[in-house]
Each structure stands twice: as structure tokens, then as C-alpha cells.
Amino acid sequence: MRGIVSIDEALSLAEEAELDLVNISPNADPPVCKILDYGKYRYEQQKKEKNAKKNQHVTEIKEIRLSASIEDHDVEVKAKAATKFLQDGDKVKVSLRFRGRERDYTQLGFDAMKKFADMVADYGVIEKEPKMEGRRMNMFLAPKKDKK
């Protein structure tokens, strides 16, 4: 800790120690510099970045497709797959496409979506309620936050 010194003095101190003068935080007033080995400093920074990258999880959106006239067992199978996605920390998009005259019976679609949401309720919560978008009905599920 030298306090506030001029650039020339800091450079001469670094030269005497056979190290580098590294600007740690250039936006500070006055800028903060350290006298250290720059190669070692860069290596430490890369190591920190790599470790931070390793510990983060990228959330993906997985899609499950249903139909308006889907059978109970088929819903169970798809709910099992969605449960696995939610346990992995991914979001799930549940989509249901209406074909032909099925479009007149959107209530069947809402019922199928509700049944599906109830089956995965232990692992996920509804992030976006079922909504008609053209010929499709979409609903988004997010993983449940653990209470620790």
C-alpha cells in the first residue's frame, strides 16, 4: 500500500521489483494499480472465469406436444418426460395443436392442459397459463424452487 503516487514513480517501483504495473480498476478515481506479475494475474483471472462458467446452469426450454383428444396413459407418459426436464432445471413448453373441427372444442384443450399441469405439480409450477395463439394453445412450466 503506497497510497496515491504519480505514474512515473509507480513505473519505477515496478521496474525495481522486476514486475509489472497492472491497472486493476481503471474507472475508479484515482485509478487503482498493483505491482505484480501480469502473466500470473491473467492466469488467475482465467481460472476464476472458468470456475464461474463451470458452476452456472443454462436453462433450456423443452417442448412437449399434446393433442386435444389425448388418452390418459399418453398424458402420463408425457408428464413423466416433463418431470425429468423440470428436475434437470429446464423450463417446459406444453403445446397443443388443434386440427380441423377440433378448434371448436378448445375446452378439451384447456382440460388436457390442466390435467397435465396437475400431474407435474410436484416438480413444476405454471409460469404462463394456457393461452390460444392461432391454432395452438401454449403453456409454460417452470421448475419449482426448493424451500431450503
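**Asp118 and its partner**

At 49% relative accessibility, Asp118 counts as partly exposed; that class lies between buried (under 20% relative accessible area) and exposed (over 50%), with a 1.4 Å probe and protein chains only. Asp118 pairs with Lys114 in a salt bridge, and their closest N and O atoms are 3.8 Å apart. A salt bridge here is a side-chain nitrogen of Lys or Arg within 4 Å of a carboxyl oxygen of Asp or Glu.

Both residues sit in helix H4 (residues 106–119). They are four residues apart, about one turn of the helix. Helices (H or I, at least four residues) are DSSP runs, numbered from the N terminus, as are strands (E, at least two).

**Basis of the model**

The model is predicted: local features need pLDDT of at least 70, side-chain atom pairs count only at pLDDT 80 or more, and totals for chains, interfaces and linings use all residues. Residues are numbered from 1 along each chain as its sequence is written, and side-chain values use heavy atoms, with hydrogens and water left out.

The salt-bridge count is six. Among them is the contact between Glu60 and Lys62, at 3.7 Å from N to O. Glu60 is partly exposed at 43% relative accessibility. Lys62 is partly exposed too, at 25%.

Another pair is Glu63 and Arg65. Their closest N and O atoms are 3.7 Å apart, which makes a salt bridge. Arg65 is exposed, with a relative accessible area of 54%.
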